[in-house]
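Here is a short report on one protein model. It covers a pocket, a loop residue and the nonpolar cores.

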Amino acid sequence: MQAWLDELAGPGSRLTLSGAVTSMGEYTTAEDPRYGGVSVDSYRPGRGGGAARRGSNADGPYALTLYTDAIYEDSPEEVVRAWVTLVLPAGAEAGQRYTIAGFSDAEEREVQAHVRGHGNAWGFSRQVAGELYLAELGEQVSAAWRLEAAEGRGEEARRVVAEGAVAGLDFTPQREARYEITVNGDSEQYLGRVSIHETPNDLAVSIGNRIVLDVPTEIGAGEYALSDQAGDGAIRVSLMRHEVEEIDGAIRFSERNGVFDAEISLEASGEDEVQLSGRLEELDFDR
């Protein structure tokens, strides 16, 4: 596997698929309109969902997704987008080798993996086995792997082999919320992704627990009041899970290279009593 990394001779990746899926040796479908968006190789916190591990910017677990053009045996004339996703175990360390299994079958110290393609029209997510060598893990990742996966049983099973390597792939942080929330005396720690949606008047920033901040599109660094009503420079907050009549708090934005982090604190009163204090990270308010 180290030899596969050496063959890259610098930052880059290669992904070879064989069996029921055959890679084409290039990647031309990154912007294919069939798939609704651009997809490029990524190294980021695990996204969670189902059996998939969910990660944080600081602590992981981290996921790698690598793309290529491929053909599927049922449609050998149609070139489609295909990819391999590999989710590392928590606490993964450079210089180590890890066995690979399917998302639902992987043990705590195993890599979760699947092979998918053509906008999830087909996939190989069970009967997954293989090995990954993790050469580098930090601001960049370098790794090599080989896995086999199958769908179906016995002689009727369709099988695919995925071999590949990636070197010097930069980390892509996620928009992230990390805070403590107390509701009527019961406290919990929350860690999750932040979503941002443009509305006719502002940006709806959802930070988990059905809490939404209505942030002005021209927000800048500085401190802003939080309230249940917009106006007078205040940012409106909605606590959709709780019955509150009044919200009071503050949020302080800091900016670096066009990306914002924020310290947030608020108290809300009404039928429910809510306190929240924490941090939002990597808020890329595209202007």
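Contact here means heavy atoms within 4.5 Å. By that rule, A52 is in contact with F103 and Q112, leaving aside neighbours within four places in sequence. The model is a predicted one.

**The loop residue**

A52 sits in the loop between β3 and β4. Is A52 buried or exposed? A52 counts as buried because its relative accessibility is 18%, and the cut-off for buried is under 20%. A52 and A106 are 54 residues apart along the chain, yet 9.7 Å separates their C-alpha atoms.

**The largest pocket**

The largest pocket holds about 570 Å³ of space. Its lining has 25 residues, and R47, T65, T85, F103 and H114 are the closest to the centre.

Which element gives the most to the lining? β4 does, with three residues. By type, the lining residues of this pocket are eight nonpolar, eleven polar and six charged.

**The nonpolar cores**

The largest nonpolar core has 36 residues. Within this core, L17, L132, W145 and L147 touch the most other members. Not counting residues up to four places away in sequence, L17 touches T22, S23, T68, A70, A82, V84, V115, V160, V161 and A162. A second core is separate and has 30 residues, including L203, I207, I211 and F260.

Methods. Residues numbered from 1 in each chain as written. Predicted model: local features only at pLDDT ≥ 70, side-chain atom pairs only at ≥ 80, totals over all residues. Heavy atoms only, no water. 1 Å grid on protein atoms, 1.4 Å probe; cavity = no way out; pocket = protein on both sides within 12 Å on 5 of 7 lines; lining within 4 Å. Points joined across faces, edges and corners; volume = space filled by probe spheres on them. Helix = DSSP H or I, 4+ residues; strand = E, 2+ residues; numbered from the N terminus. Nonpolar A, V, L, I, M, F, W, Y, C, P; charged D, E, K, R; others polar. Buried < 20%, exposed > 50% of the residue type's maximum accessible area, 1.4 Å probe, protein only. Core = buried A, V, L, I, M, F, W, Y, C linked by side-chain atoms within 4.5 Å.
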